[in-house]
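These are my notebook entries on one chain.

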Amino acid sequence: MAVALADGLSDKQLDAIERATRAIGVELFARANDDQPTVLERRWWDDRIMAWAMRDESVKAQMFRFIDVLPMLDTSEAVTEHLHEYFDDVRRYLPSAARLGLSVARPGTIAGRALAIAARRNALGHARRFIAGTTQSEVVAAAMNERKLKRAFTLDLLGEAVTSEIEADNYLQAYIDLIESIAPIVNRWPEVPQIDRAGGAELPRVNVSIKLSALDSQFDPIDQAGTTRRVTRRLRNLLRVARAHRAFVNIDMESYKTKDLTLAIFKQTMLEDEFRDTSDVGIVIQCYLKDSAEDLRGLCSWAADRERAVWVRLVKGAYWDYETVMAQQSGWPVPVFQEKWQTDNNFEELTRMALANHRHLRTALGSHNLRSLAHGIAVSRELRVPHDQFELQMLYGMGDAAKQAIVDAGYRLRIYMPFGQLIPGMAYLVRRLLENTSNESFLRASFAEHIPVERLMMNPREHRHEARPPLAQHDGNTPRPMTESNPAFRNEPLTDFSREDNRRAMQDAIAEVTRQFGRSYPLVIDGQEIETASWQDSRCPAHKSRSVGRVSIATTEHADAAVRAAGVALEPWWRMGAKGRAEYLRQAAAVMRRRRFELAAWQIFECAKPWREADGDVAEAIDFCEFYALGAERMDAAHGVDVPGEENRFAYVPRGVTAVIAPWNFPLAILTGMTAAALASGNTVVMKPAEQSSVVGAKLMEIFREVGLPPGVLNYVPGPGEIVGAALVEHPDVATIAFTGSRAVGLAINARAAEVSASKRLRHVKHVIAEMGGKNAIIIDDDADLDEAVLGVVKSAFGYQGQKCSACSRVIVLDSVNSVFLERLVEATRSLKIGPAEDPATAVSAVIDEDSFRRIHKYIDLGRQTGTEVLAMEVDGLEREGYYIGPHIFADIAPDDRLAQEEIFGPVLVVLRAANLDEAIRIFNDSDYALTGGIFSRSPEHLRRARRELLVGNLYLNRGITGALVNRQPFGGFKMSGIGTKAGGSDYLLQFVVPRAITENTMRRGFAAASAADEENTSDG
Ligand SMILES: Cc1cc2nc3c(=O)[nH]c(=O)nc-3n(C[C@H](O)[C@H](O)[C@H](O)COP(=O)(O)OP(=O)(O)OC[C@H]3O[C@@H](n4cnc5c(N)ncnc54)[C@H](O)[C@@H]3O)c2cc1C
């Protein structure tokens, strides 16, 4: 059915609405002020803590961080310590009483205990303003209070992030229990017609608001079908219980990446026969989103087709900072408006659109902005939408004076009442505090900064020409512009799989690549394809009987021929100069970008890389090409310090032929990285990919041929490491060996290269760059955010089956949080889906090959002997299809056990306990390796110690430890983790060149000629 897509209002009507809006707004404002004659919200704004917070951004940031961590601190010593850690640095901005308090209150003293108690009481006091209660009886009492004030309610159960299926079940059950227990009580209460009736009919009194992501631990738009199935199963149960008790269910809206899927699930479920006839449901549209108008139109058409109205709650949106920062960080378009007036204006436009279609959409306006609400009321009058056919909504604890003014004006007002435990409660509290203290907040402007009402009631469009303060000072919550060490370089964004076109493109690529299975891939030497006598099938680890392609296998003679070709090509390639060489690399990057999904699809099959991992690998390969191209150009610019009479030139020259010996775990990225670095800096390359990923290697060769790289500059010789790899290492004309792989092979290459350099009387010492793995650990501190810690560890340990050099294989947990962390970790891991990598739902697929499979199983057997197996996930028969091993977690392992010391390179995680941070740091550093590692902690002092004392090449604080990005997190370790500097870092290229300094004395008999540079700068004359 066609619906009105716009509001259809004439200019005259719009003018009338504008006049009415101002009048209604001013009146509401006056009524609210009448209610509390001095300053609205006095109780709130007079609070000294908030006043300090608003005076200084640094105090505010520390204040909210402290409130966030508080529920995890179970002793007064811990509270006092954190107070000092958070506030000592900003002490000078605190009022004198607070400064004094801090200086006398040391942990463990009476004053310290008193301060801790006061801090806790204060924070709880704040929390109680925004949270209606922790128990159901408190909530019932709060709901009753609202109704006494003629205000309806909707209940929101605060929850920790749902990290496992058990938690999702528990969350659903808590909602069901809530409805079942309070509905019989609330439905017996006396009727309040202003809120209980609409159009003569009775409205549901019990009303709940729920977030769909809490109904599925694996909620992920990449797996549309699976997520929909799981969420719908639980949502149906909730809707049935709600119907049985005459309760209303509203679907809240969360971050942008879940928006489309949330809307789709809502629409699909509400079209099912069982629910098609209900109007007691609603969903949220966030007006700060640029595509919200489109979504509202879609919702309206859908509701019209359904022939039964649903509710839509228009809000501005609660995650503005998050959306802005995440989009900037990911290199994706920012989905939210960047100017406040745009959001306000869009809210008004969508209000008009929704109310104009009120036959299909019942409108709820969720805002504390009296201008936004007054506009809604004005539109409803102009369009003659009856009073009870729409409603206004506000949050519990916010805008209280305005609330009564709205009720007194005769409108239905519903209060959004969150309730629940302290830990999730604090996160909610921090969101509200941020919102209230934001420079852009209407409440702050009106009630704390006393902006005149005429200005507050202005049409948002009238603010459009106002200059905005620069971002950094604009608001403490807004992102600062990104600082970059390498401003001309931008990381290739990862694919946003919440977009349907991207998911489709990946599915198409998977289908296309499957059609190309079985093709043959010859060697490429000196630009010529060479088919050898020996061929090998490259098989899918997840479907071991399937061959991805046939690869020609090189012999030592081929390796020799390739090195000779590379030797011949060397001089012209180098002489071409960095600019010319960089151009080839940039073109290669462009081809990769064009073939992005296809290249990922090859990895999905040949290496069993799940979608996101495969996509990340291609993005990193693109980054390497562009980053090293730029680096080489910079390196090429001759530099040196001239003084009168002396000219100095400094230049880099390539070392010579480079053998690139690459692993299978980043089949394109690492192979490309080492190759691109060598090529960019003027070397020629013989490339030997891992046997397990030779087809992806052939694809890289194909790309460089497509961009017309001169013959011999890059040669492709796949084959066994022991034969082809060894031949390259030993070859007298190979100057550099760039290797990534196991410690054993890396050390053997290093030793052999040194031996050969000595024994064959070469004229150079072979240079070895080797990246060799790790035994990476994450520490979980006793004040860590466990939601984030659990998810960070699961991803770092089991992402790509634990087969990354950066993977977490030890987690070191402080005693006091060990049991709760371990329980959540196990359940979160158990909720991961194991399957073939081409299925987007798969989180864990097969390990690379039979050797790995056997080796990992040996470690699992060992773990069963030396520790406690707390999780052993079954693969349910998949082992017949491929080399599947489910995630395994072992506890009670000694830190010096082989399981805790040796690199396993599979989905096996060891949990170690530590009494305190000192012990955790000792265990962390007790390793032969030093590659990646991390800590989850909210203690500034512990984070400071971590920076200093955790000795690894890549250290991550409060995030997972995998996924290093080129330039942003240059990657590589030391100790037994590697020889050489960091890949994707500014000094990586230096390993492929030798520096030369050339000095010329330009004095001739007391006369110094102007240097070339001087001459260039001299104008005529
Ligand atoms: C009953 C109710 C239910 C809610 N449910 C949800 C929900 O499900 N999902 C959700 O996301 N939010 C929800 N919210 C929160 C809501 O989105 C707002 O965060 C909050 O109400 C503040 O908006 P305001 O109109 O009251 O205040 P105002 O002060 O007028 O507006 C503040 C809002 O403007 C936006 N903004 C701030 N700075 C900028 C800028 N520079 N450029 C562009 N826009 C900017 C932000 O969205 C910010 O929240 C709900 C609010 C209510 C009252």
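I took helices (H or I, at least four residues) and strands (E, at least two) as DSSP runs numbered from the N terminus, and I let two strands pair if DSSP finds at least two bridges between them. The model is predicted, so I kept in mind that local features need pLDDT of at least 70, that side-chain atom pairs count only at pLDDT 80 or more, and that totals for chains, interfaces and linings use all residues. Residues are numbered from 1 along each chain as its sequence is written, and side-chain values use heavy atoms, with hydrogens and water left out.

**Entry 1: a sheet.** I looked up an open sheet of 3 strands and found the order β11-β15-β14 with mixed pairing. β11 (519-521) and β14 (535-540) stand at the edges with a single partner strand each, so one side of each has no neighbour in the sheet. Neighbouring strands here are turned by 40° against each other on average, direction ignored; the axes are lines fitted to C-alpha atoms, and angles run from 0 to 180 degrees between N-to-C directions. I followed β14 to β15 (residues 543-552) and counted 6 bridges in the antiparallel sense. Arginine 539 has serine 547 of β15 as its bridge partner.

**Entry 2: the whole chain.** I noted 37 helices and 34 strands in the protein chain. Its radius of gyration is 32 Å, close to the 31 Å of the globule rule for 1021 residues, so the chain is as compact as a globular protein of that length. That radius is taken over C-alpha atoms, and the rule is 2.2 Å times the number of residues to the power 0.38. The C-alpha trace spans about 100 × 80 × 70 Å along its principal axes. Of the 1021 residues, 58% count as buried, where buried means under 20% relative accessible area, exposed over 50%, and partly exposed in between (1.4 Å probe, protein chains only). I also checked contacts (heavy atoms within 4.5 Å): among those between residues at least 6 apart in sequence, 77% join residues at least 24 apart.

**Entry 3: a covered helix.** How many residues of helix α25 (residues 596-606) are buried? I found 11 of its 11 residues buried, among them Arg596, Glu598, Trp602 and Glu606. Just after α25, alanine 608 takes a positive phi of about 55°.

**Entry 4: loop residues.** Aspartate 876 is not a glycine, yet has a positive phi of about 50°. I placed aspartate 876 in the loop between β24 (868-872) and β25 (888-891), where it is exposed at 72% relative accessible area. Asparagine 958, also not a glycine, has a positive phi of about 60°. Asparagine 958 sits in the loop between β29 (954-957) and β30 (974-975) and is partly exposed at 29%. Serine 255, in the loop between β5 (248-251) and α12 (259-270), is buried at 11%. Leaving out residues up to four places away in sequence, serine 255 touches Tyr319, Tyr322 and Glu323.

**Entry 5: aromatic rings.** I paired rings of Phe, Tyr and Trp (its six-membered ring) if their centres lie within 6.5 Å, with planes under 30 degrees apart as stacked, over 60 as edge-to-face and the rest as tilted. The structure holds 18 aromatic pairs. Phenylalanine 853 and tyrosine 883 form a tilted one, 6.2 Å centre to centre with 55° between the planes. This pair links phenylalanine 853 in helix α33 (residues 850-866) to tyrosine 883 in the loop between β24 and β25, 30 residues apart. Phenylalanine 853 is partly exposed at 21%, and tyrosine 883 is buried at 16%.
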